[in-house]
Amino acid sequence: MEITLEELKYPIGRYQKPGAYTPQLLKEWVAVLNILPSWMDACIENLDQHQLQTPYREGGWTVQQLVHHIADSHLNAYIRLKLALTEDNPTVKPYDENAWAKLIDTEVVPVNISVTMLHTLHRRMVAVLQHMEPAEWERTYFHPEHNRNVPLWEMVAMYAWHSEHHVAHITRLRERMNWH
């Protein structure tokens, strides 16, 4: 069965912003963020240098770039979370994720460094998320690239999707390549 480019790009489907949230959804999204570092451990387990340099699809990032991207992206999420909790609708700084993925650190730093970073970062992020008051989920930051305010509940939904999205890139590549 032929896999389409859309399926390779979006193995769990494109992100769809929820219209609302419930305490149960928040709990599920935070649970995904809590487990992501362990998923990353499993994703990269026993991959050699050649496998780490393999793109998850033609024209896509390598596994190594993906792992570093997840750490970079989630570090930005953590900073946005803390800014939104401590300032009134702060404007966040967008960044060029493709340019970041091509910086030298993604080539020369082993992936386990970014996975370790995810373990420590997510421990702190999840601690904050698990202790937020109901009103804090409505706090926002302004994202100039999207020209709108983003509530924290929506940010958490998006980063939970982002976690599963990139884990699926790696796990499905492993399946296609028979990397066990």
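Biologist: Which residues of α2 are called buried, and what makes them so?
Modeller: Leu26, Trp29, Val30, Val32, Leu33, Leu36, Pro37, Met40, Cys43 and Ile44 are buried in α2. Buried means under 20% relative accessible area (exposed is over 50%, partly exposed in between; 1.4 Å probe, protein chains only). The model is predicted, so local features need pLDDT of at least 70 and side-chain atom pairs count only at pLDDT 80 or more, while totals for chains, interfaces and linings use all residues. Residues are numbered from 1 along each chain as its sequence is written, and side-chain values use heavy atoms, leaving out hydrogens and water.

Biologist: What do the buried residues of α2 pack against?
Modeller: They pack against α4, α7 (111-130) and α8 (152-177). Contact here means heavy atoms within 4.5 Å. Helices (H or I, at least four residues) and strands (E, at least two) are DSSP runs, numbered from the N terminus.

Biologist: How do you know what span to expect for α2?
Modeller: The expected span is 1.5 Å times one less than the number of residues. For the 22 residues of α2 (residues 23-44), that gives 32 Å. The end C-alpha atoms are 32 Å apart, so the two agree.

Biologist: Where is the kink in α2?
Modeller: At Leu36, shortly before Pro37, with a kink of about 40 degrees. The bend is the angle between axes fitted to the seven residues ending there and the seven starting there.

Biologist: Why is His69 called buried?
Modeller: His69 has 4% relative accessibility, so it counts as buried. It lies in helix α4 (residues 63-86). His69 touches Trp61, Glu97, His162 and His166, not counting residues up to four places away in sequence.

Biologist: What makes a space a pocket, not a cavity?
Modeller: On a 1 Å grid over the protein atoms alone, a cavity is a set of points where a 1.4 Å probe fits but cannot get out. A pocket is an open set with protein on both sides within 12 Å along at least five of seven lines. Lining residues have an atom within 4 Å of a point.

Biologist: Which residues lie nearest the centre of the largest pocket?
Modeller: His69, Glu97, Met158, Trp161 and His162, out of 30 lining residues. The largest share of the lining, nine residues, comes from α8.

Biologist: How many residues does α2 give to the lining of the second largest pocket?
Modeller: Five, the most of any element. Among the residues closest to the centre of this pocket are Pro23, Leu26 and Lys27.
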